[in-house]
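Dear colleague,

Please find below the structure that I am handing over to you. My findings follow it, and I would be grateful if you could read them alongside the model.

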Amino acid sequence: MESTSPLADFLRSARARVTPQDVGLGSGGATARRVPGLRRDEVAFLAGMSADYYARMEQGRIKHASDAVINGLCKALRLNETERDYLFTLFSPGTGRAVPQKRATRVRPVLRQMMDQMDTTAAFVLGVGMEVLAMNDLATVLLHDFTEETGLSRSLARWAFLVPEGRAFYLDWDAAADMTAILRRDSTNHPSDRELNELIGELSVKSDEFRRWWPQHKVYECSFGTKHLMHPLVGELSIEYETFPVPGEPDQHLFLYTAKRGSSSEDALRILASWGSDAALADGDRQS
């Protein structure tokens, strides 16, 4: 019987994404192949181990391995650095990097100040479970004001998968699969986090897309790129984003959303920024 452990599931998913052509094994008669991607014996050959030893890994019968064996798997399966770190954590805890267990939810005041000084760049900080920990004014207008939310509703992933406003926000909806990869990384670093497990459980029950993507065990850093968004006030936007780990806080990442200079999206961000400033001033007047 096939194991459904995280290690076994990840190995099967990873080899299914690698073709024989990717690793120089030739076409191998693609029409005659019974499995997507590499066969077990091909992974074993590329990793420098016996086919029986690798098969026992996928069957959940081997849970510990040397660094040399794991590195061989990383090479055979063409894993990126993030996937490599993930694979190490799936084996013995002593073979991988130290895994943080406690959430870091407080954003340093100086970082908040820097974010507030960005006029035409939406800036926000995400923590475990894609919980929005801090936002500048433009981010609250461009995305959603998560500072007014509590509990799981502060998760950007939950908003994107389950809230109609969030689902309509992403034009390239498959890009939301990136969020699944981030949550997979978080679940490895915080396997006992109650809120994170509750979030993953809710998404698994209520979202068909999440339920389809989660078993694929994709793990990667979404560090930069372009997002195509639909804002209810200014219409379609093409946003360039960059992601930075917050120094000293391994679970926090700073996201910056901006637009190419001279583009219509830049003009739209300026309009949203002015609305965000007006709203902030109005709030200040009410509080005074």
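This is a predicted model: local features need pLDDT of at least 70, side-chain atom pairs count only at pLDDT 80 or more; totals for chains, interfaces and linings use all residues.

Residues are numbered from 1 along each chain as its sequence is written, and side-chain values use heavy atoms, with hydrogens and water left out.

Overall composition

The protein chain has 13 helices and 5 strands; these are DSSP runs numbered from the N terminus, with helices being H or I of at least four residues and strands being E of at least two. Of its 288 residues, 48% count as buried. Here, buried means under 20% relative accessible area, exposed means over 50%, and partly exposed lies in between, with a 1.4 Å probe and protein chains only. The chain exposes about 14700 Å², of which carbon and sulfur atoms supply 53%; accessible areas come from the Shrake-Rupley method with a 1.4 Å probe, and for residues only the protein chains shown count as cover. Among contacts (heavy atoms within 4.5 Å) with a separation of 6 or more, 54% are between residues 24 or more positions apart.

Packing around α2

Two packed helices are described by the angle between their axes and the distance between the axes. The axes of α2 and helix α3 (residues 51-58) come within 8 Å and cross at roughly 115 degrees. Axes are lines fitted to C-alpha atoms, for helices over the stretch in contact, and angles run from 0 to 180 degrees between N-to-C directions. The crossing of α2 and α3 is right-handed; the term applies if the near helix is turned clockwise from the far one by less than a right angle, and left-handed applies if anticlockwise. On the α2 side, the contact is made by R40, D41, V43 and A44, and on the α3 side by A51, Y54, A55 and E58.

Within α2, the residues E42, V43, A44 and A47 are buried. Their cover includes α1, α3 and α4. Just after α2, G48 takes a positive phi of about 75 degrees.

Salt bridges

Side chains of opposite charge can pair when their charged atoms come close. The structure holds 16 salt bridges, each defined as a side-chain nitrogen of Lys or Arg within 4 Å of a carboxyl oxygen of Asp or Glu.

One of them joins D9 and R12, whose closest N and O atoms are 2.9 Å apart. These two residues are 3 apart in helix α1 (residues 6-16), and are therefore separated by about one helical turn. D9 is partly exposed, at 22% relative accessibility.

A second pair is R17 and E83, with the closest N and O atoms 3.5 Å apart. This pair links distant parts of the chain, since R17 is in the loop between α1 and α2 (40-47) and E83 is in helix α5 (residues 81-90), 66 residues away. R17 is partly exposed at 31% relative accessibility, whereas E83 is buried at 9%.

E202 belongs to helix α11 (residues 194-206) and R158 to helix α8 (residues 156-162), so the pair ties together parts that are 44 residues apart in sequence. Both partners are buried, E202 at 15% relative accessibility and R158 at 18%.

Surface

L233, I271 and W275 make a nonpolar surface patch of about 300 Å². Patches are made of residues with over 30% relative accessible area and no salt bridge, with like charges joined within 9 Å and nonpolar side chains (Val, Leu, Ile, Met, Phe, Trp, Tyr) within 5 Å. W275 lies in helix α13 (residues 264-287) and is partly exposed, with a relative accessible area of 38%.

Backbone

Most residues other than glycine have a negative phi, and most peptide bonds are trans. R78, which is not a glycine, has a positive phi near 55 degrees. R78 sits in the loop between α4 (67-76) and α5 and is exposed, at 51% relative accessibility. M130 also is not a glycine and has a positive phi of about 55 degrees. M130 is placed in the loop between β1 (122-126) and β2 (132-135) and is buried, at 3% relative accessibility.

Yours sincerely
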